[in-house]
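Please look over the sequence and the 3D view before reading the points below.

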Amino acid sequence: RYEQLAYMRAHEAVARELRASTMQYGIVMPTGFFAALLPLLDFARRGVGLVIGDGSARSNPIHEADLALVCADLVGESGMHEIEAGGPQVLTRREMTELAFAALQRPPRLMHAPPWLPRFYAFMARPFAPRLSELMAFAGAMFTSDGVATPRGSRTLGDYFSAAAGHTAG
């Protein structure tokens, strides 16, 4: 879906090589990792959550430990496997940002950025900082489009944010 992103093209190139080989393989395709969402908690600590677009894009990110279990289940399996992996909750990007505020026990204060803004910054940064440019383009694409996969695991983003904030989940 994101052929314009070098990051995604690299992943797909590896998958193509595996599919074309005679090797047995397992490809696990997560929707996103909880740790990659920790900047939402950092923004909430600063008092304002950034939502790109209207915040309605949905995803079910997965905890790294749940993802590790999905990968471990593939070890020793014969054949060729491709598995989508998401967490147990489908959330909008706005809801994810609100969970960060809830973990800090603060009312959410949200600032919306237009969906074209990350692409603009990515374009402007490309000549000077190509890796940063790619990261901005990736973030813009991920935060403005749906990415929902088969739910696996049991850990929730709210509990993860609460633990990262130093609070126990309630």
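Buried here means under 20% relative accessible area, and exposed means over 50%, with partly exposed in between. The model is predicted. Its helix α4 spans residues 93–103, and the structure holds four aromatic pairs.

**Helix α4**
- The buried residues of α4 are Arg93, Met96, Thr97, Ala100, Phe101 and Ala103.
- Viewed down the axis of α4, these buried residues fall within an arc of 165 degrees, so they line one face of the helix.
- Gln105 follows α4 and has a positive phi, near 60 degrees.

**Aromatic pairs and cluster**
- Trp116 and Phe120 have ring centres 6.3 Å apart and planes at 80 degrees; planes over 60 degrees apart count as edge-to-face, so this pair is edge-to-face.
- Phe120 also pairs with Tyr121: the ring centres are 5.9 Å apart and the planes are at 55 degrees, so the pair is tilted.
- Trp116 is partly exposed, with a relative accessible area of 47%.
- Phe120 is partly exposed at 40%, and Tyr121 is partly exposed at 45%.
- One aromatic cluster is formed by Phe34, Tyr160 and Phe161.

**Charges over rings**
- Arg93, one of the buried residues of α4, has its charged end over the ring of Phe143, 4.7 Å from the ring centre.
- The charged end of Arg46 sits over the ring of Phe43, 5.9 Å from the centre of that ring.

Definitions and conventions. Residues are numbered from 1 along each chain as its sequence is written. This is a predicted model: local features need pLDDT of at least 70, side-chain atom pairs count only at pLDDT 80 or more; totals for chains, interfaces and linings use all residues. Side-chain values use heavy atoms; hydrogens and water are left out. Buried means under 20% relative accessible area, exposed over 50%, partly exposed in between (1.4 Å probe, protein chains only). Helices (H or I, at least four residues) and strands (E, at least two) are DSSP runs, numbered from the N terminus. The arc is that of the directions from the helix axis to the C-beta atoms. Rings of Phe, Tyr and Trp (its six-membered ring) pair if their centres lie within 6.5 Å; planes under 30 degrees apart count as stacked, over 60 as edge-to-face and the rest as tilted. A charge sits over a ring if NZ of Lys or CZ of Arg is within 6 Å of the ring centre and within 35 degrees of the ring normal.
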